[in-house]
4 protein chains.
Amino acid sequence: MDALDIARLQGILAQIEHDAAQATDRGQVATYIPELAKIDPAQFAIAVSLPDGTTLTAGDAAVPFSIQSISKVFMLAIALGRLGDQLWQRVGREPSGLAFNSILQLEREKGIPRNPFVNAGAIAVTDAVLAGHQPKDVLGELLRFIRMCAEDDDIHINKSVAASEQATAHRNIALAEFMAAEGNLRNPAALTIGTYVHQCAVEMTCAQLARAGRFLTNAAGAPRLVSPARVRRINALMMMCGHYDGSGEFAYRAGLPGKSGVGGGILAIAPGRASIAVWSPGLNERGNSKLGSAAIETLTRETGWSVFG
Amino acid sequence: MDALDIARLQGILAQIEHDAAQATDRGQVATYIPELAKIDPAQFAIAVSLPDGTTLTAGDAAVPFSIQSISKVFMLAIALGRLGDQLWQRVGREPSGLAFNSILQLEREKGIPRNPFVNAGAIAVTDAVLAGHQPKDVLGELLRFIRMCAEDDDIHINKSVAASEQATAHRNIALAEFMAAEGNLRNPAALTIGTYVHQCAVEMTCAQLARAGRFLTNAAGAPRLVSPARVRRINALMMMCGHYDGSGEFAYRAGLPGKSGVGGGILAIAPGRASIAVWSPGLNERGNSKLGSAAIETLTRETGWSVFG
Amino acid sequence: MDALDIARLQGILAQIEHDAAQATDRGQVATYIPELAKIDPAQFAIAVSLPDGTTLTAGDAAVPFSIQSISKVFMLAIALGRLGDQLWQRVGREPSGLAFNSILQLEREKGIPRNPFVNAGAIAVTDAVLAGHQPKDVLGELLRFIRMCAEDDDIHINKSVAASEQATAHRNIALAEFMAAEGNLRNPAALTIGTYVHQCAVEMTCAQLARAGRFLTNAAGAPRLVSPARVRRINALMMMCGHYDGSGEFAYRAGLPGKSGVGGGILAIAPGRASIAVWSPGLNERGNSKLGSAAIETLTRETGWSVFG
Amino acid sequence: MDALDIARLQGILAQIEHDAAQATDRGQVATYIPELAKIDPAQFAIAVSLPDGTTLTAGDAAVPFSIQSISKVFMLAIALGRLGDQLWQRVGREPSGLAFNSILQLEREKGIPRNPFVNAGAIAVTDAVLAGHQPKDVLGELLRFIRMCAEDDDIHINKSVAASEQATAHRNIALAEFMAAEGNLRNPAALTIGTYVHQCAVEMTCAQLARAGRFLTNAAGAPRLVSPARVRRINALMMMCGHYDGSGEFAYRAGLPGKSGVGGGILAIAPGRASIAVWSPGLNERGNSKLGSAAIETLTRETGWSVFG
């Protein structure tokens, strides 16, 4: 990307940030995790990281936020590295058509979650990585991996958020115990969920998150931490399932693979081009960042980065 | 694409056709439509049409087959042209997580089908196009549109197949009547289903289908029959919902938007590059062409056409 | 029952009618069948028929009303007489846990309705009786049977109600077509549903209905039109499934087998003692007569007729 | 009941025991609780206790067995005594149409179980009784109540069975945690489930169980431990929900309110007449004692005790 293109892209980000600042309906901050409920909904950030690491930002891109379910992408990459295709014996690869925390489907399909990005599926992935290890080792590995992706060591787990999430983790424990009943859990539910809530409490800035996603662009010059074939598969899963039962809407509007978190962050990938992170704490009715989704829609429209032509 | 690339692509198609010919497990031909149950499962074809209309083929690419649900893509394009975003009041844009002919979801969501590619959704789309018109006019419009897309007038409806499908259309009628009960049908169910079964009975060769799909590539030189923004949206819907509850698997393996039909055909789009058609009558357990799916997976792996990097 | 008991029972009915007249929240008249939506909700009737035919009444017990789903009891008796236990190959005997017109369960259980009193099950029963006969013959047989039960020939089908119901029968047609798709319908859906809507349009007064139910008491002196063992089974089905997903509540409060209709009628049986009919057009949120349910609860409390001790 | 009737009844029990001894298909012993999987399936017992305590038996009526879910009836009586109708804010009164351990319905209905006899509902009942008390106090109260019902102090909890059940309680924990997530659990899941598995591990002989059920007959001479109105309601709930999704079948065949346990026991009540207990460890496909269900069907046929006339 030459200097002119970069200037134009910077202009697009500035405009997106400007529009977001005007927005009156910013969605609802998630309330079921008390620590997250305290976040100021007026914040907004966007960051685009090019394969070479050049990172353009607008808004509060230096404010750390809780990446929550976006952590599922990094843990999935670790799980695939460790288990390869064996992982797919424990979790499927299809959209669920249901809410992110639904237990219905687990009953219908004998404890095999539909995909690694609904809560049940992510718990199964974490449980698979955990097998035979201590939670702190797994969390250490996750942090090392994310820091390597971002080329930045200043990325941490927020223990207050983890504690807050642990205290209201009943539904996630129910998912884990249900999988245990069906033979699809390898560790005590308390251990797996304890690891899971800490994983979700990783904090990053928008700039860090955008940089961390570059390995998923498969672009020349980007860090190569995972094989190109596996990158494509992770992107496919993000496209199909990354926004829960709003995944269709995100694909329709934004045209990129992406993964949202209940903290209001979204990581989206423009294959071969850039890694994109947005953050706005207010969520839409599907639990995805309201202004964040709109921002990526605008960005792909203005850049022509949609994978759909 | 230069001559060398074309020669290489032709080689890939030849290899795919060769591999398909060796396959022993070819899936099961659909039996619920008696006319389709008669089809010889040993047939296989693949065709790739470049934006300028250059079309490479291998196998039985000149044999007409019943495109069945692939017709839903063309009817959707017509419906969007006529109704624009109003169409989305009657049908959603999310994967369903259920079989193509499920009625469960209609009950849960008050008669609004999850997306335009499950049967209920396609029936709603056809019903929307039909409103105020005669079935023969709508079917005439569909044929004219497909012929224009393919730049080929030798495309027809197979009346035996339509009659065969009509005779076993109970479940589709149930879907239509259920939508009628919920206020989401504008015509008598018999009229809408009559139109629908004829639409599904359109016959094309693989070469024709590949050519017909070029308008969805948004590539320079391809026919521009629909706005680029709408093309992207149709592609997004094909990616998310084009293979029913096997859509995740197709995205994961093939990495392209595509739409399958119970006749064993698949139309897939490599945005900016090519339109691809395959045909092999045997289906996998999700109702998608078994060898056809594998063929597109091989093609994208060999060409690097996956949209996911 | 001696004269004193009869006088006391008459007093109970008078008190029930008096209380009903004071009620301000009378429920909602069903609106989905236009002809029924016109009924004056202020009407109320109760009738108790003793085995010997002595019938005590209070309120509008001489006003004919549409018995609707109560007709399912009589058609079931005819079906069991004709097919015996073979009927149970086509319909189950369990409560559904779902609304009266739900189609969900049909999909889950391959077209076999849960019981003969949800709409799908009643349609299967009517279809079974219809096989090889004309609708008018089946409807004639039904009327003859009901008249014989009531020992009263002045019982008819209201053709305006049938026509009104036919015009809004989409959901019932969907149920029938879905069963056809699963191989559980013997006649064209139009024929079966045509018969079904006429069956539901039988009109009777409360006094007639109470008299017609005596054969279900298995009491000495009551008409014996069905074997005692079969009577017990029909009563069991009414207890378990007679009030749709309000059956548990009716059993809990009233303690008798009963069958409700959307016209606001309920037929309840006190085995060995009496047949009871109530009518009040306003329905509760489960689709059962609101004041009618309360009236039978009061009656069993005052008489000690609960089957539960 | 006079001496002649008693002799006749004794003859019926002997015949039932004789028939059971001949049975070759005895169902399957539950395997998911390891301690129960060891039970000899050849055992069979039946006991009928008359209101005055006279108890007739046949077979292994002096062998203690694990009453399992039959304990739910006694705990429900205690809960209603303590909380009255407030209990119904936490659990419904309708059949579920689903398996005893289903979690589907909890998700659909916001954590309110359908009835007190499915596992989720029974856990909610135990949780309600537990509130503010220690598990050992609640279990002590349960044992005292059952012993008072049976007029027999030799009734205990089998700690090996409880431990065995605790070790495989994942699904019950999932149900409890799911209810906790929906605000319908008052104690830590571990505490409630710990109490629940001990409650299920109560052991009684068939003779003891039959005697313990007399308070549910509302018969003159039987122990009056619960008001007659409440007895009727408990019986109604047993009729509607006592055999999970085989409740309709039990009502149809046996015609009595009853509650089954996965240990192979059934308690059935003939209101005004007798309390009946059977035990045969092999279960049918709905999880209810196979020979036990048949035995009660024969008993009611021979005695005319069906509540349905």
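In chain A, the C-alpha centres of domain 1 and domain 2 lie 21 Å apart. The model is predicted. Domain 1 of chain A covers residues 3–68 together with 203–303, and domain 2 of chain A covers residues 69–202.

**Between the domains of chain A**

- Contacts join 35 residues of domain 1 of chain A to 35 residues of domain 2 of chain A.
- On the domain 1 side of this contact in chain A, at least two residues each come from α2 (34–37), β6 (202–204), α10 (206–212), α11, β7 (258–260) and β8 (265–270).
- α11(A) gives the largest share of that side, 6 residues.
- By residue class, the side of domain 1 of chain A that touches domain 2 of chain A holds 19 nonpolar, 10 polar and 6 charged residues.

**Chains A and B**

- Between these two chains, 33 residues of chain A are in contact with 34 residues of chain B.
- Among the elements of chain A on the side touching chain B, α11 (228–241) and α12 (247–253) each supply at least two residues.
- The largest share of the side of chain A that touches chain B is again from α11(A), with 9 residues.
- That side of chain A is made up of 14 nonpolar, 12 polar and 7 charged residues.
- Two copies of a chain are related by a rotation about an axis and a shift along it.

**Chains C and D**

- Chain C is superposed on chain D by a rotation of 180° with 0.0 Å of shift along its axis, at an RMSD of 0.0 Å.
- In chain C, the residue that comes closest to the rotation axis is C:G97, whose C-alpha is at 2.3 Å.
- Both copies use the same surface, as 100% of the contact residues of chain C recur in chain D.

**A sheet in chain D**

- Chain D has an open sheet of 3 strands in the order β4-β6-β5, with antiparallel pairing.
- The edges are β4 (65–66) and β5 (156–157) of chain D; each has a single partner strand, so one side of each is left without a neighbour in the sheet.
- Strand β6 of chain D (residues 202–204) pairs with β4(D) in the antiparallel sense over 2 bridges.
- D:F65 has D:M204 of β6(D) as its bridge partner.

**Helix α3 in chain C**

- Helix α3 of chain C (residues 71–83) has 13 residues and reaches 18 Å from its first C-alpha to its last, close to the 18 Å expected at 1.5 Å a residue.
- Of the 13 residues of α3(C), 10 are buried, so the helix is largely enclosed by the rest of the structure.
- The buried residues of α3(C) include C:S71, C:K72, C:V73 and C:F74, as well as C:M75, C:L76 and C:A77.
- C:I78, C:A79 and C:L80 of α3(C) are buried too.

Definitions and conventions:
Residues numbered from 1 in each chain as written. Chains lettered and ligands numbered in written order. Predicted model: local features only at pLDDT ≥ 70, side-chain atom pairs only at ≥ 80, totals over all residues. Contact = placed C-beta atoms within 7 Å. Helix = DSSP H or I, 4+ residues; strand = E, 2+ residues; numbered from the N terminus. Nonpolar A, V, L, I, M, F, W, Y, C, P; charged D, E, K, R; others polar. Least-squares fit on C-alpha atoms with pLDDT ≥ 70 in both. Pairing = 2+ DSSP bridges. Expected span 1.5 Å × (residues − 1). Buried ≥ 20, exposed ≤ 12 C-beta atoms within 10 Å, placed from the backbone. Domains from an automatic or database assignment.
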